[in-house]
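Me: I'm new to this structure and would like a close look at one part of it. Could you take me through the stretch that the record marks as a domain, along with what it packs against?

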Amino acid sequence: MTTLAVIGAGQLGSRHLQALGLITCPVNIEVVDPSTASLTRAHELFYQVPRNENILSIRFLNRLEDLSQEIAVAVVATNSDIRRKVVENLLHTKQVRALLLEKILFQKYEDYTAVYELLQAKKVKAWVNCPRRMWPFHAELKHLMDGSRWVEYTVSGSNWGLGCNAIHFIDHLASITGSLNFTFNTNLLDREIKKSSRQGYIEFTGTLYGWTERHDKIYLTSYPEGNAPVLVEINSDILRCVLRENEGIAMISQKETGWQWKELNFTVPYQSQLTHLVVMEILQKGTCQLTNYDDSWQMHIPLLNSLTEHYQKYAGGDRGFCPIT
């Protein structure tokens, strides 16, 4: 029988669990978190989903070792500082076919290499949860931008968690262009390192600027004050697009229509509407629409190295890691 695991039952892990409650093939689900309070909350959210006869059983556990021995897909939704340890403990003690990992993957460069080598040794497939490339509207946008010679991608808004969320937009640009090799410049980031809303973590404001090997450009700006909603602008030689994600509104103009603007409505899926689709693809096809570990690693490392250098420069000390999650 197919067993799925959700490791980490915090806010995001609970949303993954809710999505799994919509799955359309028979499964057993196991949820692990050392916090009984988190498990209780996850239990409550799960049972907000209408009863699904495909969920043959669900168990809420405090210890990783209490998981079943064989796991088809494990969703690792822990914080980044412990994710390597969790993955290592899981793969050394259980037989796991596939992993779905939350981002930011890890806080240290060596963690990426260690986990990559372990995945290879254990022959475990892994994907990273940057789901914008799964959004139906973005799939259509990618189609419209096929053949673009260059793309310029801009994100701006107030306190949107640049350190934590930049990889989402970097991954989206990569899905449009096919370019994975990024270089970043931190000169326009603010020198003040902010405390994250999550205890023990930090955040960045200002502008992070990057480019790809084919000279696509990305500008990520988080204002330190105000409440400006996130605005995404995607421009190329054949299309211009302005996205107001919080409103579900897009403005698009295309070269082939004389650059006339048209307004479109689109839906931003919640995580609780996506995870089961990813897991079912993995179970049925052995792959999914998300970025695989190898490709995501290539995008994470230049981002992590740039932010770590900026953090060390202005926070002081040779820290060797960047506490973002």
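Reply: Here is a walk through that part, starting with the ground rules.

This is a predicted model, so local features are used only at pLDDT of at least 70 and side-chain atom pairs only at pLDDT 80 or more, while totals for chains, interfaces and linings use all residues. Residues are numbered from 1 along each chain as its sequence is written, and side-chain values use heavy atoms, with hydrogens and water left out.

The stretch comes from an unreviewed UniProt entry, whose annotation "domain: Gfo/Idh/MocA-like oxidoreductase N-terminal" covers residues 4-129. Over residues 4-129, the chain is 39% helix and 28% strand, and the end C-alpha atoms sit 16 Å apart. Helices (H or I, at least four residues) and strands (E, at least two) are DSSP runs, numbered from the N terminus.

Let's begin with helix α1, residues 11-20. Most of α1 is covered, with 7 of its 10 residues buried: Gly13, Ser14, His16, Leu17, Gln18, Ala19 and Leu20. Buried means under 20% relative accessible area, exposed means over 50%, and partly exposed is in between (1.4 Å probe, protein chains only).

Leucine 17 counts as buried because its relative accessibility is 0%. Setting aside neighbours within four places in sequence, leucine 17 is in contact with Ile29, Val31, Ala42, Phe46, Ile58 and Phe60, where contact means heavy atoms within 4.5 Å.

Axes are lines fitted to C-alpha atoms, for helices over the stretch in contact, and angles run from 0 to 180 degrees between N-to-C directions. On the α1 side, His16, Ala19 and Leu20 make the contact, and on the α7 side Thr275, His276 and Val279 do. By class, that gives 3 nonpolar, 3 polar and no charged residues. Ala, Val, Leu, Ile, Met, Phe, Trp, Tyr, Cys and Pro count as nonpolar, Asp, Glu, Lys and Arg as charged, and the others, Gly among them, as polar.

Next comes another helix pair: the axes of α3 (residues 80-93) and α4 come within 10 Å and cross at roughly 15°. That angle makes α3 roughly parallel to α4, a label for angles under 35 degrees. Arg84, Val87, Glu88, Leu91 and His92 in α3 meet Glu110, Asp111, Ala114, Val115, Leu118, Leu119 and Lys122 in α4. Those residues divide into 6 nonpolar, 1 polar and 5 charged.

The loops on either side of α4 have their own details. Isoleucine 104 is in the loop between β5 (95-101) and α4 (109-122), and a cis peptide bond joins lysine 103 to isoleucine 104, with omega about -15°. Lysine 123 lies in the loop between α4 and β6 (125-128). The phi of lysine 123 is near 55°, a positive value in a residue other than glycine. Is lysine 123 buried or exposed? Lysine 123 counts as exposed because its relative accessibility is 71%.

Conventions:
UniProt positions are given in the numbering used here, feature names are shortened, and annotations may be inferred rather than shown by experiment. Angles under 35 degrees count as roughly parallel, over 145 as roughly antiparallel, 65 to 115 as roughly perpendicular and the rest as oblique.
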